[in-house]
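My notes follow the order in which I looked things up.

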Amino acid sequence: MTRLFSVRRGAILFVLCIWWGGCSLSNESSLDEEKDSNYLAGRSRRAALNYTGAIEAYEKALETNPRSAAPHLELGLIYYQNVTTNWASAIYHFEKYLELRPKANNADLIRQNIDYCKLALAREVPYTPNNDLVRKEVERLARENTDLRQQVEQLKAQATLRPPVAPSTVMASNPVNASNARPVVSAQVLSTPAAQDTPPGERPTAPPAGNETARLAAAAKTHVVRSGDTPYAIAHSYGVKLANLLSANPGLDPRRLRPGQTLVIPLQ
């Protein structure tokens with residue numbers, strides 16, 4: 001595509017050079033435009049490759065005579081084919097020239113220049129997500145991000161208000177054979193009147209070690225994070241609340257999931 005543009009532009013420039021060498025103005029051009037001192041200065045500076053000076057001279061010519069078509073054509077050609085390439089400015093001056101000289105002999109060639117400039121300008125415009133599907137997806141992700149932030153803040157507030165967990169009963173380790181091991185009860189149980197009056201063989205034993213969270217975690221499912229997973233999507237796929245999922249994984253950073261990471265899925 002780029003090569004096609006280059007070939008097409010080269011052909012147009014070749015025709016322009018031939019046309020420019022013979023007659024820089026159409027047959028409808030006024031001789032007064034050619035005699036304007038600013039216009040002549042612009043032609044001279046352009047021939048000397050002083051494009052900045054030529055642009056300044058042509059703009060002064062237009063200030064003197066806004067209905068002069070020739071300076072518009074010269075400016076359009078400078079912006080189109082010289083080192084100060086500016087597609088938008090070239091389009092503007094070419095269109096102004098055609099507006100003032102709609103029946104010029106070179107009108108068709110100028111229209112081809114305008115079409116080329118528009119194509120070149122379109123290629124330089126960066127892509128922007130302006131279609132409805134992309135816009136809706138961006139809005140959905142923004143809402144989901146807002147919900148996650150609110151839920152994280154709620155979990156932080158709940159963790160601040162939650163009372164400390166009582167230490168679990170410590171089971172004594174016994175180096176003898178497991179068949180002869182005797183359960184060890186807590187001092188709190190032995191200190192009660194009922195425990196003191198009950199024979200040692202009939203005294204109640206302490207509850208098994210571990211807390212409710214560990215029991216639920218052991219019975220829960222697990223999920224291996226895949227690329228593109230989010231905490232919200234994982235919770236939704238297992239039918240659990242996001243808050244419960246985050247509670248079951250206290251060390252989880254919901255904004256930094258890694259593929260291959262294993263998450264505990266709570267029972268509810």
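I count a salt bridge when a side-chain nitrogen of Lys or Arg lies within 4 Å of a carboxyl oxygen of Asp or Glu. I also remind myself that this is a predicted model.

**Entry 1: salt bridges**

Searching the whole structure, I found seven salt bridges.

Lys96 and Glu99 form one, with their closest N and O atoms 3.7 Å apart. Both residues lie in helix α6 (residues 87–100), three residues apart, about one turn of the helix. Lys96 is partly exposed at 24% relative accessibility, and Glu99 is exposed at 52%.

Next I checked Arg140 and Glu144, whose side chains meet at 3.1 Å, N to O. They are four residues apart in helix α8 (residues 132–161), so about one helical turn separates them. Arg140 is partly exposed, with a relative accessible area of 35%. Buried means under 20%, so Glu144, at 13%, counts as buried.

Then came Arg43 and Glu74, with the closest N and O atoms 3.9 Å apart. This pair links distant parts of the chain: Arg43 sits in helix α3 and Glu74 in helix α5 (residues 70–81), 31 residues apart.

**Entry 2: helix α3**

Which residues of α3 (residues 37–47) are buried? I noted Tyr39, Gly42 and Arg46. They lie on the same side of α3 because they cover an arc of only 55° around the axis. Ser37 and Ala47 are exposed on the other side.

At the start of α3, a side-chain oxygen of Asp36 comes within 3.0 Å of the backbone nitrogen of Asn38. Just after the helix, Leu49 has a positive phi of about 65°.

**Entry 3: the strands**

Strand β1 (residues 221–224) pairs with β2 in the antiparallel sense, over four bridges. Lys221 stands opposite Ile265 in β2. In β2 (residues 262–265), Leu263 and Ile265 make up the covered face, and Thr262 and Val264 the uncovered one. That pattern made me recall that side chains in a regular strand alternate between the two faces of the sheet.

**Entry 4: the whole chain**

I finished by zooming out. The protein chain has 13 helices and two strands, and 30% of its 268 residues count as buried. Among contacts between residues at least 6 apart in sequence, 58% join residues at least 24 apart. The chain exposes about 18100 Å², with carbon and sulfur atoms supplying 55% of it.

Definitions and conventions: Residues are numbered from 1 along each chain as its sequence is written. This is a predicted model: local features need pLDDT of at least 70, side-chain atom pairs count only at pLDDT 80 or more; totals for chains, interfaces and linings use all residues. Side-chain values use heavy atoms; hydrogens and water are left out. Buried means under 20% relative accessible area, exposed over 50%, partly exposed in between (1.4 Å probe, protein chains only). The arc is that of the directions from the helix axis to the C-beta atoms. A polar contact is a pair of N or O atoms within 3.5 Å; within protein, one must be able to donate a hydrogen and the other to accept it, and residues adjacent in sequence count only if both atoms are side-chain atoms. Two strands pair if DSSP finds at least two bridges between them. Contact means heavy atoms within 4.5 Å. Accessible areas come from the Shrake-Rupley method with a 1.4 Å probe; for residues, only the protein chains shown count as cover.
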